[in-house]
Amino acid sequence: MRRTLLLSALFASVATVSSAQADKLLEELDDKSDKKEAVTNTFKATRIINSSTVENLAAGVLDFRILHRFGRVSDGVDNFFGFDNATTRIGLDYGVTKWLMVGLGHSTLYKSNDAFLKAKLLAQKTNGTPVTVSYFTGMSIVGDKAPVLPPGMEYYFTHRLAYSHQLLIARKFNSNLSLQLMPTLVHQNLVDSSAWSNNTFALGVGGRMKVSKRMAITAEYYYRVNNADMLNFGAKTYNSLSVGCDIETGGHVFQLFFTNSVGMNERTIVNQTTDTWEKGHLHFGFNISRVFTVVKPKEFQKGNSNW
Amino acid sequence: MKKFILTAAILAAGSTALFAQKYMTRTARITFDATSKGSPEDIAAVNNEVASILDSKTGDVVFQVPVKSFKFEKALMQDHFNENYMESDKFPKSDFKGKVGNLDALNFAKDGSYPTTVAGKLTIHGVSNDVNVPGTIVVKGTSVTLKAKFAVKLADYKISVPNMVADKLGKEALISLEGVLNQK
């Protein structure tokens, strides 16, 4: 009797083992260490619309960007709704490491040249760090001829310079929704008059909401904490607001939008936006980008035996 | 009688230890190539973080593939792979559960190369399909090397290819796998 019991017990255990065996083996493979995974693709591109996102180019990737803002839509048919006059920025961005990227650009507005650097400080993790944080700093040099200055005042080279600092704090709430806060400081060496500070503090907010796998609605807004009544070459300035969409084609992200800013660096966006949505002074614009892999990832470098 | 039970128990325990031989790795490699014929760029990637266990007693073999660990030559392609095609946030892992077909013909105690077929369930992008994969098991000392090459149809795993990339991305991905599993 005992023998039968023992045998049947053995058989039973063997049978159970074999049926659940594969599942058990898979379970064994599950990484039990409490590894926190970095959240990826908070945004589809390195820009929301005008603002930088926390996304960096991968190391060794060069991005050729053309940013284009047409004239005022409200100009009507005379200027073909703004198509007849436009401002452009052409630029090159480069991913130095996976956490550092740099860029150079030239804008037609005020003939300015700009350079920036963006470094990732913190990465959002599943069940860990709640946000991704990047630091952005840039400078721009106005290339236009000297403006009309009060008598006796000279236009020095330093008057052409402006600096900007931003903290980009972003969170991907789910696969569709990402939001970004952007506390910003713009230091402009020369402003219209001493009535305004050379330092403008602004709080930017932006985000994207995916509506399909390949399309997302984007928006961004800068609220100026001071200098909100600032004049720019005598013209009233407004807070910058842009609304648009990201369309992903096979090779790149195509960004289309409406904005009241025609400048494409932080100085012009925060301090020098002289058009307003209220009067319909909108500009249609687009960003296109083409990326080139300059330095291949190590898995694909020559002499690697993967292929 | 008691003595017999004891002997049987010891034997059973002993044989379990002797035959429940598992081989394992976390660094197996999978490469795939889904390039369409005549495409100007290669749609190909490599993953060196594939985990696998082979049980030489039962013939069970499993693979687990962290999808985000596939590396592409072009970073943008890697983004699209995860975001648009594999939806890696939703389906972070692909896996395979199978059984070696000709276990009797394999001798894990003797070095050699054994052709085999593994039948099982392959799960990619949250979709499972029964597959038969021909491959080779190479026994060398206390390690076994698993090698296999097979093709999967993207449509079988509900991975849709939009028309605008159909000239680059093919309808099938050629997968090759190689892993050196060591005795646990």
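## Contacts and make-up of chain B

Among the contacts in chain B with a separation of 6 or more, 58% are between residues 24 or more positions apart, two residues being in contact if their C-beta atoms, placed from the backbone, lie within 7 Å. This is a predicted model, in which local features need pLDDT of at least 70 and side-chain atom pairs count only at pLDDT 80 or more, while totals for chains, interfaces and linings use all residues. Residues are numbered from 1 along each chain as its sequence is written, and chains are lettered from A and ligands numbered from 1 in the order in which they are written.

Chain B has two helices and nine strands, where helices (H or I, at least four residues) and strands (E, at least two) are DSSP runs numbered from the N terminus. Read from the N terminus on, these elements follow the order α-β-β-β-β-α-β-β-β-β-β. Of the 184 residues in chain B, 31% are buried, a residue being buried if 20 or more other C-beta atoms lie within 10 Å of its own, exposed if 12 or fewer, and partly exposed in between, with C-beta atoms placed from the backbone.

## Strand β2 of chain B and its partners

β2(B) is mostly covered, with nine of its twelve residues buried. Strand β1 (residues 22–35) of chain B runs antiparallel to β2(B) and is joined to it by nine bridges, two strands being paired if DSSP finds at least two bridges between them. Within this pairing, Asn47(B) in β2(B) is the bridge partner of Ile30(B).

β2(B) also pairs in the antiparallel sense with strand β3 (residues 60–66) of chain B, over four bridges, and Leu54(B) stands opposite Val61(B) in β3(B). The two strands form a hairpin with four residues between them, and Gly59(B) in the turn has a positive phi of about 80 degrees. A further antiparallel pairing, over two bridges, links β2(B) to strand β4 (residues 71–72) of chain B, where Phe72(B) is the bridge partner of Ala45(B).

## The largest nonpolar core

The largest nonpolar core holds 47 residues, and those touching the most other members include Val50(B), Ile53(B), Leu54(B) and Val144(B); such a core is a set of buried Ala, Val, Leu, Ile, Met, Phe, Trp, Tyr and Cys residues joined through C-beta atoms within 7 Å. Strand β2 (residues 44–55) of chain B provides the largest share of this core, six residues. Leaving aside residues up to four places away in sequence, Val144(B) touches Tyr23(B), Leu54(B), Ile137(B), Val138(B), Val139(B) and Leu181(B).

In chain A, twelve strands form a closed barrel with antiparallel pairing, in the order β1-β2-β3-β4-β5-β6-β7-β8-β9-β12-β13-β14. Strand β1 (residues 61–72) of chain A and β14(A) pair in the antiparallel sense over ten bridges, and Ser289(A) in β14(A) is the bridge partner of Arg65(A).

Between the chains, 26 residues of chain A are in contact with 29 residues of chain B. On the side of chain A that touches chain B, α1 (2–29) and β14 (283–293) each supply at least two residues, and α1(A) gives the most, with ten residues.

## Confidence

The predictor gives the complex an ipTM of 0.78 and a pTM of 0.83. Chain B averages a pLDDT of 89, and 89% of the residues score at least 70, pLDDT being the predictor's confidence in each residue, from 0 to 100. Over residues 14–18 of chain B, however, the pLDDT is below 50, and this stretch has zero contacts in the model beyond near neighbours in sequence. Where pLDDT is low, the predicted coordinates should not be read in detail.
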